[in-house]
Amino acid sequence: MSEVIEYSEKVMDHFTNPRNVGEIENASGVGTVGNAKCGDIMRIYLDIDDNEVIKDVKFKTFGCGAAVATSSIATEMIMGKTVQDALKLTNKAVQEALGGLPAVKIHCSLLAEEAVHAALWDYAQKKGIVIEGLKPPVNDIEERE
């Protein structure tokens, strides 16, 4: 018998009504990360202006409800922020914004953090710039856990 997982109202809201779903054509940066253990895959698209402000952000996620919810809230958290501020997004901040996540779903918030950072990395590579404090992305979040 599997255990019932309890989700906050905010997680359920972002799962049933996800914000910023889709793709951005010719995105400034695209980051894709996954988790081989659970099969979740998250892709974040960024549209960044000349002042390094995120004008638009979209996501596509293949995964559980928590993965969709963390993607959705992460896009809301970085929209309108500078590249440097978006870099400060952490999995803990994502969890807090959602009113918490069950222990078995914490990896979903890590996916969101890593996907945003991977998109920022892609942006920096395309622009030929260095973003202070940004690490090369991982393909599988197991590498960071």
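I began with strand S1 (29–35), where five of the seven residues are buried, so the strand is largely enclosed by the rest of the structure; buried here means under 20% relative accessible area, exposed means over 50%, and partly exposed lies in between (1.4 Å probe, protein chains only). The model is a predicted one, in which local features need pLDDT of at least 70 and side-chain atom pairs count only at pLDDT 80 or more, while totals for chains, interfaces and linings use all residues. Residues are numbered from 1 along each chain as its sequence is written, and side-chain values use heavy atoms, with hydrogens and water left out. Helices (H or I, at least four residues) and strands (E, at least two) are DSSP runs numbered from the N terminus.

I then looked up the pairing of S1, taking two strands as paired if DSSP finds at least two bridges between them. S1 and S2 run antiparallel and are joined by seven bridges; valine 33 has methionine 42 in S2 as its bridge partner. The two strands form a hairpin with four residues between them, and in that turn I noted glycine 39, with a positive phi of about 90 degrees.

Asparagine 26 has a positive phi of about 50 degrees and sits in the loop between helix H1 (9–16) and strand S1, where it is exposed at a relative accessible area of 76%. Glutamate 52 has a positive phi of about 60 degrees; its place is the loop between strand S2 (40–48) and strand S3 (54–62), and with a relative accessible area of 32% it is partly exposed.

I turned to helix H2 (residues 65–78), whose 14 residues reach 20 Å from first C-alpha to last, close to the 20 Å expected at 1.5 Å a residue; the expected span is 1.5 Å times one less than the number of residues. Eleven of the 14 residues of H2 are buried, among them Ala66, Val68, Thr70 and Ile73. What covers these buried residues includes H1, S2, S3, helix H3 (83–87), helix H4 (91–97) and H5. After H2 comes glycine 80, with a positive phi near 80 degrees.

For H5 (residues 106–127) I found the end C-alpha atoms 32 Å apart, in agreement with the 32 Å that its 22 residues should span. H5 is mostly covered, with 16 of its 22 residues buried, and it is followed by glycine 128, whose phi is positive, near 70 degrees.

Within H5, I followed serine 109, which counts as buried at 0% relative accessibility. Its side chain makes a polar contact with the side chain of glutamine 95 at 3.1 Å, a polar contact being a pair of N or O atoms within 3.5 Å, of which, within protein, one must be able to donate a hydrogen and the other to accept it, while residues adjacent in sequence count only if both atoms are side-chain atoms. Beyond four places in sequence, serine 109 is in contact (heavy atoms within 4.5 Å) with Thr70, Asn91, Val94, Gln95 and Leu101.

Lastly I looked for disulfides, defined as pairs of cysteine sulfur atoms within 2.5 Å, and the count is zero. Cysteine 38 is in no disulfide, its nearest cysteine sulfur being that of cysteine 108 at 5.9 Å, and cysteine 38 is partly exposed at 37% relative accessibility. Cysteine 108 is likewise in no disulfide, with the sulfur of cysteine 64 nearest at 3.7 Å, and it is buried at 0% relative accessible area.
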